[in-house]
Amino acid sequence: MFYRPEDGHGLPHNPFNAIVTPRPIGWISSRSADGVNNLAPYSFFNAVAYTPPQVMFASTSAKPDQDGTKDSVANIEATGVFCVNVVSYALRDAMNASSGALPKDEDEFAHAGLTAVECETITCARVAEAPAALECRLTQIVTLPGEANKVVFGEVTGVHLRDECLRDGAFDVTTFQPLARLGYRDYSVVRDLFPLTRPDD
């Protein structure tokens, strides 16, 4: 099968995000200029640089109570900071609960039954239950073609790791089993690892 996206795929569901899988989930916490905490998962997310450490996430739709974007992007534009919380398998239902399009003045931490704690280097809340969190300062927001497509880039200014996830000096993802986004409404969980030695190691 071959199709041009502008012509349509002819399938019952769009296969694009089923092709680009698995994708890590950036559980983005932010705070509005009025002090309201926000939390939302984004599957167009990744780390993009080591030195300094940097991450990105993309927002691809808008809410009626925001000006052409979502709460996360609006908050980050206003405050210049955000936090990336890692989603464990145990937090899958809370993550899903936080994905709803709540009014911008409603706190998703409370809605999902999560504990909000203050970050160390930025004025923002993070998810206390998350196995890891990355405090970030905004570096740039890039507007992409399309109605509401924006990519947010941030530099990591603080890193939180739960002590029980550290084994022999390594951050062991099998201790919390990170969630990954697949296509459609499907997710996966990382439980099995295997090493590969690079040719230049």
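Which side chains meet in a salt bridge at 3.1 Å, N to O? Lys63 and Asp65 do, a salt bridge being a side-chain nitrogen of Lys or Arg within 4 Å of a carboxyl oxygen of Asp or Glu. This is a predicted model, where local features need pLDDT of at least 70, side-chain atom pairs count only at pLDDT 80 or more, and totals for chains, interfaces and linings use all residues. Residues are numbered from 1 along each chain as its sequence is written, and side-chain values use heavy atoms, with hydrogens and water left out.

**Salt bridges**
- The structure holds 6 salt bridges.
- Lys63, Asp65 and Asp71 are linked in a network of them.
- Lys63 is buried at 11% relative accessible area, while Asp65 is partly exposed at 30% (buried is under 20%, exposed over 50%, partly exposed in between; 1.4 Å probe, protein chains only).
- Arg31 and Glu118 pair up at 2.5 Å, N to O.
- That pair ties strand S2 (residues 26-31) to strand S7 (residues 116-118), with the partners 87 residues apart (strands are DSSP E runs of at least two residues, helices H or I runs of at least four, numbered from the N terminus).

**Nonpolar cores**
- Of the 15 residues in the largest nonpolar core, Trp27, Leu114 and Val127 touch the most other members (a core is a set of buried Ala, Val, Leu, Ile, Met, Phe, Trp, Tyr and Cys residues joined through side-chain atoms within 4.5 Å).
- Helix H3 (92-97) and strand S8 (125-127) each supply at least two residues of this core.
- A second, separate core of 13 residues includes Ala40, Val55, Val73 and Val156.
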